[in-house]
Amino acid sequence: MKLAIFSDVHGNLPALEAVRIALEREAPDRVWFLGDAVGYGAHPNECVAGIRRMAHVFLAGNHDWAASGRCSAETFTRAAREAIHWTSAHLQHEHAAFLAALPRTHREGPLRAVHATPGAPECWNYILTAADAAGCFREFSQQCCFVAHSHVPAVFVRTPDGNTRPAAPEHLVVQTGLRCIINCGSAGQPRDGNPAACLGLFDTRTGHYRLVRIPYDTTAAGRAILDAGLPPVLAARLESGR
Ligand code: ZN
């Protein structure tokens, strides 16, 4: 099975459109979306509707739950909080109800998926280092767990001797005995210095994983943010990928 994984679209319609075109080209059997359809960007309704059409699995992100009133945005940065208030005010009732009802985790054969961490997805913690990942390997029984939330592509592997180490985020072969935590980065607001949208592709038969980067019109996405009256910093960061 060819599986496509993406996350953190954050109301960025030009980025989502670029992902949609890439999915048409790659023709995966299944598409998983790991949360944060909204927040930051100017097109929350279009993004929720678009992702619902594309994805077989749609998980909750912290911005999805904050915008739909299911959790608080008080720990968010000021710009993120402002964007959540704007998003809540503009989100159609049907989409808000859909976001509030999203599951936090998905299990399928040897794979697990979650927006934040597998053991406590509701705490919205980040997996940024090998030490973070080492703790998380104890929290799921499957071979691989796909995560999101940090907006930074990353791969952590656990070898049969119990050591956890970071690996290159662009490509991995998941061999027998190896366990992994894979972050496919962000489609709508990458923070690794590369502004191109991120899309992960995993072949469950061969164990091959690769990260695809898809350039899109960041200027159009930024202009929509400014036109909506959202904080300008949210437009500027799309250009730099930070
Ligand atoms: Zn996010």
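**Pockets, zinc site and sheets of the predicted model**

The lining of the largest pocket has nine nonpolar, eight polar and four charged residues (Asp, Glu, Lys and Arg are charged; Ala, Val, Leu, Ile, Met, Phe, Trp, Tyr, Cys and Pro nonpolar; the others, Gly among them, polar). The structure is a predicted model, in which local features need pLDDT of at least 70 and side-chain atom pairs pLDDT 80 or more, while totals for chains, interfaces and linings use all residues. Residues are numbered from 1 along each chain as its sequence is written, and side-chain values use heavy atoms, without hydrogens and water.

The space in this largest pocket comes to about 300 Å³. (On a 1 Å grid over the protein atoms alone, a pocket is an open set of points with protein on both sides within 12 Å along at least five of seven lines; a cavity is a set where a 1.4 Å probe fits but cannot get out; lining residues have an atom within 4 Å of a point.) Of the 21 lining residues, Asn62, His63, Phe76, Tyr126 and His149 lie nearest the centre of the pocket. At least two lining residues come from each of α3 (62–67), α4 (78–90) and α8 (232–240) (DSSP runs of at least four residues for helices and at least two for strands, numbered from the N terminus). With three residues, α8 supplies the largest share of this lining.

His149 itself sits in the loop between β6 and β7. Its relative accessible area is 4%, so His149 is buried (under 20%; exposed is over 50%, with a 1.4 Å probe and protein chains only). Between the C-alpha atoms of His149 and Pro110 there are 22 Å, for a separation of 39 residues along the chain.

Four protein donors (N, O or S atoms within 2.8 Å of the metal, or 3.2 Å for Na, K and Ca) lie 2.0 to 2.4 Å from the zinc ion: Asp8 (OD), His10 (NE2), Asp36 (OD) and His151 (NE2). Along the sequence, these donor residues follow the spacing D-x1-H-x25-D-x114-H. His10 and His151 are both buried.

Two or more of the lining residues come from each of α1, α7 (218–227) and α8, and α7 gives the largest share, four residues. By class, ten residues of the cavity lining are nonpolar, seven are polar and none is charged.

Turning to the strands, β4 (residues 105–108) pairs with β5 in the antiparallel sense over four bridges (at least two DSSP bridges make a pair). The two strands form a hairpin with two residues between them, and Gly109 in the turn has a positive phi of about 55°. Opposite Ala113 of β5 stands His106. On its other pairing, β5 runs parallel to β6, joined by three bridges, with Arg112 opposite Cys145. Both faces of β5 (residues 111–114) are covered, as Leu111 and Ala113 on one side and Arg112 and Val114 on the other are all buried.

A separate topic is the open sheet of six strands, which has mixed pairing and the order β3-β2-β1-β11-β12-β9. Its edges are β3 (57–58) and β9 (171–173), each with a single partner strand, so one side of each has no neighbour in the sheet. β9 runs antiparallel to β12 (residues 208–214), joined by three bridges, and His171 has Arg210 as its bridge partner in β12.

How values were computed. Grid points are joined across faces, edges and corners, and a volume is the space filled by probe spheres set on the points.
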